[in-house]
Number of protein chains: 2
Amino acid sequence: MTDKEAALLCKAIGDLHRLQIVQLLTHGEQCACELLEKFAITQPTLSHHMRILCRVKLVQVRKEGKWCHYSLNCEKFVEFKNYIEKITCC
Amino acid sequence: MTDKEAALLCKAIGDLHRLQIVQLLTHGEQCACELLEKFAITQPTLSHHMRILCRVKLVQVRKEGKWCHYSLNCEKFVEFKNYIEKITCC
DNA sequence: GCCATATATTGACAACAATCAATATATGGC
DNA sequence: GCCATATATTGATTGTTGTCAATATATGGC
């Protein structure tokens, strides 16, 4: 993972709502309507956040009928964790 | 570390220049003038970035005469790495 | 085909961010 | 005290972001 991509990923989770969305998705796939219930934001705002998370490939979407099921892209997330882990201090 | 603090830390390193500054500081303390040479930005812009990194306590400064020596706050950084590591996927 | 529901898009707005030029402040040497 | 140097602050500008209301799109059931 390049520094540039890592910076974009950090930026993507550098918003409290989006970080919490990522945390929720670690428990498994959730549809937009479920996520929406858990935050005090409107549906368009959630849609905006999900688009940002999908754009950096941290989250993926599975469309099923009317529903959008969002889930973490584990491969990308592990890549990100490895990047962060490699920044050694002291 | 709270979600809120983690989000602020992510935001702080969610800029390519600041992420690269953090990377440079893993090699040890550096003064502002040294850092400045490594980026195509002006001195006020670097000062701005350093203030943001210091504000979230990811970087600390040691003033010595005319010079400001910046270094990573390892404790805070490790805390952040642990936070990220605990977000388990799949 | 019409309606209800789930989600996306558009447009607007206020807040914030990255950057620079200009200027201010602080320090050490003379 | 004056000068050079290192860094910070201010002010301006341009671009981006988080948010909402309103509207559009898509899907399934009747």
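## Cysteine links between the chains

With a relative accessible area of 15%, Cys74(B) is buried. The model in which this residue lies is a predicted one. Cys74(B) forms a disulfide with Cys89(A), the sulfur atoms being 2.1 Å apart. Because Cys89(A) belongs to the segment after H5 of chain A while Cys74(B) belongs to helix H5 of chain B, this pair joins two chains. Cys89(A) likewise counts as buried, at 17% relative accessibility, given that the cut-off for burial is under 20%.

A disulfide also joins Cys74(A) to Cys89(B). This pair too crosses between chains, running from helix H5 (residues 74–86) of chain A to the segment after helix H5 (74–86) of chain B. Cys74(A) and Cys89(B) are both buried. Over all chains, the count of disulfides comes to two.

| Disulfide | S to S distance | S-S torsion and hand |
|---|---|---|
| Cys74(A) and Cys89(B) | 2.1 Å | about -85°, left-handed |
| Cys89(A) and Cys74(B) | 2.1 Å | -85°, left-handed |

Two further cysteines of chain A can be described by their accessibility. Cys31(A) has 5% relative accessibility and therefore counts as buried, whereas Cys33(A), at 38%, counts as partly exposed.

The arrangement of the chains remains to be described.

Conventions. Residues are numbered from 1 along each chain as its sequence is written. Chains are lettered from A and ligands numbered from 1 in the order in which they are written. This is a predicted model: local features need pLDDT of at least 70, side-chain atom pairs count only at pLDDT 80 or more; totals for chains, interfaces and linings use all residues. Side-chain values use heavy atoms; hydrogens and water are left out. A disulfide is a pair of cysteine sulfur atoms within 2.5 Å. Helices (H or I, at least four residues) and strands (E, at least two) are DSSP runs, numbered from the N terminus. Buried means under 20% relative accessible area, exposed over 50%, partly exposed in between (1.4 Å probe, protein chains only).
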